[in-house]
Structures are given as structure tokens and as C-alpha cells.
Amino acid sequence: VTSPHTIQRRYLREFWPPMLAYILIMLLVWPLVDHVQSVWGRTALALLPILPLLLVTRAIVRLVMGGDELEQRMNLIGLAIAGTVVGSLCMVGGFLAAAKVIRLDGTALLWVWPAMVALHALGRGWAARRYGGDWAMACSNDGLARHWQLGICAAAFGLILLLGWSVLSDWQRGLLCGLTASMTVCALLLRIIHRRKSEDDA
Amino acid sequence: MTHEGLARCVGRSGPALRMNNCVRELRGEQGWSQADLAGRLEVSRQTVNAIETGKYDPSLPLAFKIAKLFGRPIEAIFEPGE
């Protein structure tokens, strides 16, 4: 049987390479879709980000399946909250669009998964606290601390910003600068909170 | 552990029936940390902490695993709360 620590390390090993590939594809390759004329070429390029996302999905499924019973319960609570909130928001958006109060096109669907991930994390964090856990930890207290996760994300976005500086649009540069800076600040704040808590516990 | 000892163990009152348990005391007798026990039960430390503090009642298979690890009958470790 695989230990929780090993499962966490396996998850990080399986999650980050495809996630970085996804980010790179979205920033550097996907914008080329407007320059491709053939339908098949556009379809292939448009669906290219799905490939790394499938690997990310596999990593998440293996993480959840490898968790113990309490972790699986917390994931279920997080997923229930995320599904309910996102589904309700989709209904609200759909009704408003049908009544022609707002205009929505298909690209709004791109926000479904990020919203699910964010709300799942919040719901799972809430459940973890309910069971005596810590908001600042990842999947469990044996996992990688949240400040390290945010730090890695910030470093990844910063690296992509540097590597793609010449090909990125102003909007993309601004987005990456904002993400890198905000994640770095959040990581530092969480690190300080984590350190103070450790000192209090000691 | 006696019934009186078990009665002093952790439990949580609430709308749902919760279990009382003596996992923390038994772990202390063995001189194990929560991480040690988590490793032996193949669960996370958070799960051990949640069981010890009465915030989570383990499934039947996990409860039997705990009982087997401490070499006691399951009813000597877990009992229904009031």
C-alpha cells in the first residue's frame, strides 16, 4: 500500500509537467489558431491543450483514489460545493443570456474548469478545517505546504514570462506579471503565517 | 483500559451520534507520535488527529485496523457517545 507522503510526491511529479505544458501551449501555441486556415488544422490546434489536461486529470484522479477515507470525504465535500456553485452560476448566466440581459459566447465555458478547481480547493479547505486540519496545507498535513505550492506556481509563471517576453502580447505580459507578483506575495504571507504557527506550537 | 477510562476519552456532542474513543491514550501508551500511528495505519496524520479529537469517526475497516494494531477488541477502543 502506498503511503500518503509517497502519493503526494507522485502527484506533484505527475501534475506539474503537463500543467506547465498546458500553460505554455495556451500562451505560446494556442494564439496561432487565428492564423490557421484549414478547419482540421484549427480543430487540432484548438484541442491541443486538452492533451496535457488529460494527464493533469489522470494525476488528480490518482491522488484522490490514493487518499485515505477522510481525504476522499473532504474531496467529495469540496467537489459537491464546487459542482453546486458552478452549476448554479451557469444556470444564472444561461437564464440571463436567454432573456438577452447579458451576452455570453462559448468562450465563457473556458471558465468552468478553473472555477471548479478554485471552488473545490475552497470547499476542501473548509472541510479540512471542520475536521481539525489546516487551510494552509495541501491535501493533508503530510503534503506540500500551500506556500511552497504558490511559490512554485509563481516561479513557473515568472519563467514563462521571461521565456516568452518577445512573443507575448501586452495583455499576456500584464496577466503573467500580475499572477507572478500576487502569487509571490501570497506565498510569502502564508510562509510567515506558517512559521508563526510553528513557533506557537513549539 | 476500563469503562471509566473510556468514558473520560474524547467524544463530541452534536445532532448526530458520535463515537467516543481512546486512540490518543493508547497511542501515548505506545510512545508513538501521530505520524507514527498514521504510518502504521496507512492514513494521513490529519486523519489520525481528526479521529483522536472526535471530529471524525473512522469507517469499520479502519476501526478494526486500529483495534488490531493496539491488540484490543474494538469495543474497548470505541463506544457510542451519548
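**A closer look at the salt bridges**

Modeller: Let's start in chain B, where B:E29 and B:R72 form a salt bridge, with their closest N and O atoms 3.6 Å apart. This pair links distant parts of the chain: B:E29 sits in helix α2 of chain B, while B:R72 is in the loop between α5 (60-70) and α6 (74-77), 43 residues away. B:E29 is exposed, at 53% relative accessible area, and B:R72 is partly exposed, at 26%. Keep in mind that this is a predicted model.

Helix α2 of chain B, residues 23-30, comes up again with the next pair. B:R24 and B:E52 meet through their side chains in a salt bridge, 3.7 Å from N to O. B:R24 belongs to α2 and B:E52 to helix α4 (residues 45-52) of chain B, so this pair ties together parts that are 28 residues apart in sequence.

Now hop over to chain A. A:R173 has a salt bridge with A:D170, and the closest N and O atoms are 3.6 Å apart. Both residues are in helix α7 (residues 170-201) of chain A, and because they are 3 residues apart there, about one helical turn separates them. A:D170 is exposed, at 62% relative accessible area, and A:R173 is partly exposed, at 21%.

And how many salt bridges are there over all chains? The count comes to 7.

Key. Residues numbered from 1 in each chain as written. Chains lettered and ligands numbered in written order. Predicted model: local features only at pLDDT ≥ 70, side-chain atom pairs only at ≥ 80, totals over all residues. Heavy atoms only, no water. Salt bridge = Lys/Arg side-chain N within 4 Å of Asp/Glu carboxyl O. Helix = DSSP H or I, 4+ residues; strand = E, 2+ residues; numbered from the N terminus. Buried < 20%, exposed > 50% of the residue type's maximum accessible area, 1.4 Å probe, protein only.
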